[in-house]
Amino acid sequence: MILNPLWWDRQFKEEFIPQVHSLVETLEVRLLPTFDNIGQEAEKKAKEEWERLGSVASLYDFDEAALAEKAHDVGLDYYFMMNGLRQGLINMFSVTLYHLYEQQKMIFHRKEILAPEEEDDRKLI
């Protein structure tokens with residue numbers, strides 16, 4: 001085994017690190033901002049439900065406090081669902097980041113640890 005530090009320096013700087021940065025940027029810049037307004041969205045859902053219940057309740061004799069509570073619950077349910085989806089997305093990206101690390105580690109293993117004729121031997125991978 002002959003280490004090639006200059007090749008690995010370039011490999012890390014030009015391939016491995018940019019891959020990690022792109023993955024993190026995708027999560028932080030493209031995906032997570034879609035969850036920035038879930039509080040306002042939940043309030044909107046609650047208001048819409050309040051209006052819907054109010055239009056139905058006008059036909060009957062209902063307790064406004066009970067309707068307000070139901071509308072509030074719709075907003076809360078929406079908020080908790082979206083917040084759970086946000087957390088699930090973060091968790092998924094954690095697994096993706098680990099998978100990327102495994103791929104990069106496998107490249108190192110194949111190029112530095114194994115001999116060139118062993119690189120494609122599945123028993124050694």
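Reader: In which helix is the place of Gln11?

Author: Helices are DSSP runs (H or I, at least four residues; strands are E, at least two), numbered from the N terminus. Gln11 has its place in helix H1. Please note that this is a predicted model, in which local features need pLDDT of at least 70, side-chain atom pairs count only at pLDDT 80 or more, and totals for chains, interfaces and linings use all residues. Residues are numbered from 1 along each chain as its sequence is written, and side-chain values use heavy atoms, with hydrogens and water left out.

Reader: Is Gln11 buried or exposed?

Author: Buried means under 20% relative accessible area, exposed over 50%, and partly exposed in between (1.4 Å probe, protein chains only). Gln11 counts as buried because its relative accessibility is 10%. Trp8, Phe16, Leu23 and Leu27 are also among the buried residues of H1.

Reader: What does Gln11 touch?

Author: Contact means heavy atoms within 4.5 Å. Not counting residues up to four places away in sequence, Gln11 touches Phe16 and Ile107.

Reader: How many Å should helix H1 span?

Author: The expected span of a helix is 1.5 Å times one less than its number of residues. H1 has 27 residues (5–31), so it should span 39 Å; its end C-alpha atoms are 36 Å apart, which agrees.

Reader: Where is the kink in H1 centred?

Author: The bend at a residue is the angle between axes fitted to the seven residues ending there and the seven starting there. In H1 a kink of about 40° is centred on Phe12.

Reader: At what angle do H1 and H3 pack?

Author: Axes are lines fitted to C-alpha atoms, for helices over the stretch in contact, and angles run from 0 to 180 degrees between N-to-C directions. H1 and H3 pack at about 170°, and their axes are 11 Å apart. Helix H3 (64–113) is included in what covers the buried residues of H1.

Reader: Which residues of H1 meet H3?

Author: Among them are Trp7, Trp8 and Gln11, and the H3 residues that H1 meets include Leu89, Phe93 and Ile107.

Reader: Is Lys123 buried or exposed?

Author: Lys123, in the segment after H3, is exposed, with a relative accessible area of 75%. By contrast, Glu49 in helix H2 (residues 38–57) is buried, with a relative accessible area of 15%.
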